[in-house]
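Below are some notes for a colleague who has not looked at this structure before. They are meant to be read with the model open.

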Amino acid sequence: MTQTMESVMVEDRQADGILAGIFASGDEAQAAAARRLAETIRGKAERGKKCVLGLATGSTAVGIYQHLIRMHREEGLSFANVTTFNLDEYYPLEPTDVQSYRRFMFERLFDHVDIDPANVHLPSGTAAVDEVTAHCAEYEAAIAAAGGLDLQLLGIGRNGHIGFNEPGAEASSRTRMVHLHPVTREDAAGDFGGINNVPATAISMGVATILSARQIVMVALGAKKAAIVRQMVDGPVTPDVPATYLHRHPNVAVFLDEPAASQLR
Ligand code: GLP
């Protein structure tokens, strides 16, 4: 058991490289993930280094960011040394649209901490169609130039997607334009006021981009994630469930609440 999990974790289990920590509540799982991020940020700052974080959106991430904001206000956690790269963005979508992940990140985290906006990166929802490939290559190059991702935060889609790497995504995939899966569009329908308003495409970091992070922290909460969490933790590695690729990474922690863990063997 790692130190970050010690006080609140109900149970932990190790399956093939994936450490799953099961917490008494979603908030405790989110707090544990926030502590992991904070430890990584502080560890780098103590050595005078920049910290490069891969960040995620979605409802699960909101509570994690609330904990980070609280730690910034109450514990002096500084983001002055932090550079961020988000997993994905809908395409096409204006950065000012309410559903845009750029707007989400500023409203939910960046506006409330001392990060330099120049150090914030998200894929663009407004790149011209014929410039998307170059934009994606630049995004990958920017991650590499920053020194690679120290920690990648992930949620999981009900279909097993990580970022917007939908079923069928290849292990070698890098940042690129992707087609959104029907389940993903259904889950986003509420945000967009109907499934027909959900963009058909997005730009997402690839599976290989995610797996290149030195540390991966995934948080999955609630009974609606139980079936896919079971497939991710207990199932074989398969492109049908892109989250199973995490078995190939040496340093993955999955933080769950009890409903999300309820179908684990
Ligand atoms: C979106 C994001 C994913 C995220 C997923 C889960 O699809 N692109 O990165 O993991 O939502 O969202 P939630 O936390 O709301 O269940």
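This is a predicted model: local features need pLDDT of at least 70, side-chain atom pairs count only at pLDDT 80 or more; totals for chains, interfaces and linings use all residues.

The numbered points below go through aromatic rings, strands, a peptide bond, cysteines and the ligand.

1. Residue numbers start from 1 along each chain, in the order in which its sequence is written.

2. Aromatic pairs. The count of aromatic pairs comes to seven. One of them is formed by Tyr90 and Phe164, with 5.3 Å from centre to centre and 50 degrees between the planes, and this pair is tilted. Tyr90 belongs to strand S5 (residues 88-91), while Phe164 sits in the loop between strand S7 (151-154) and strand S8 (176-179). The two residues are 74 residues apart, and their pair links distant parts of the chain.

3. Burial of that pair. Are Tyr90 and Phe164 buried or exposed? Tyr90 has a relative accessible area of 4%, and the value for Phe164 is 3%. Buried means under 20%, so Tyr90 counts as buried, and so does Phe164.

4. Strand S9 and its neighbours. Strand S9 covers residues 201-204. It runs antiparallel to S5, and four bridges join the two. In that pairing Glu89 stands opposite Ile203. S9 also pairs with S8, again in the antiparallel sense and over four bridges. Here Val178 is the residue opposite Ala202.

5. Side chains of S9. In a regular strand the side chains alternate between the two faces of the sheet. In S9, Thr201 and Ile203 point one way, and Ala202 and Ser204 point the other way. All four of these residues are buried.

6. A cis peptide bond. Most peptide bonds are trans. The bond that joins Tyr91 and Pro92 is cis, with omega at about -5 degrees. Pro92 is found in the loop between S5 and helix H3 (101-108).

7. Cysteines. How many disulfides does the model have? The count comes to zero. A disulfide is a covalent bond between the sulfur atoms of two cysteines. As for burial, Cys51 has a relative accessible area of 0% and is buried. Cys136 is at 3% relative accessibility and counts as buried too.

8. The ligand. There are 13 residues around the ligand, and those that come nearest are Ser59, Thr60, Asp88, His161 and Lys225. Ser59 has a polar side-chain atom 2.6 Å from an oxygen atom of the ligand. For Thr60, an N or O atom in the side chain is 2.5 Å from an oxygen atom of the ligand. Ile156 takes part through its backbone, where a polar atom is 3.4 Å from a ligand oxygen. On its own the ligand has 390 Å² of accessible area, and the protein covers 87% of this.

Methods:
Side-chain values use heavy atoms; hydrogens and water are left out. Rings of Phe, Tyr and Trp (its six-membered ring) pair if their centres lie within 6.5 Å; planes under 30 degrees apart count as stacked, over 60 as edge-to-face and the rest as tilted. Buried means under 20% relative accessible area, exposed over 50%, partly exposed in between (1.4 Å probe, protein chains only). A disulfide is a pair of cysteine sulfur atoms within 2.5 Å. Two strands pair if DSSP finds at least two bridges between them. A residue is near a molecule or strand if one of its heavy atoms lies within 4 Å of it. A polar contact is a pair of N or O atoms within 3.5 Å; within protein, one must be able to donate a hydrogen and the other to accept it, and residues adjacent in sequence count only if both atoms are side-chain atoms. Accessible areas come from the Shrake-Rupley method with a 1.4 Å probe; for residues, only the protein chains shown count as cover.
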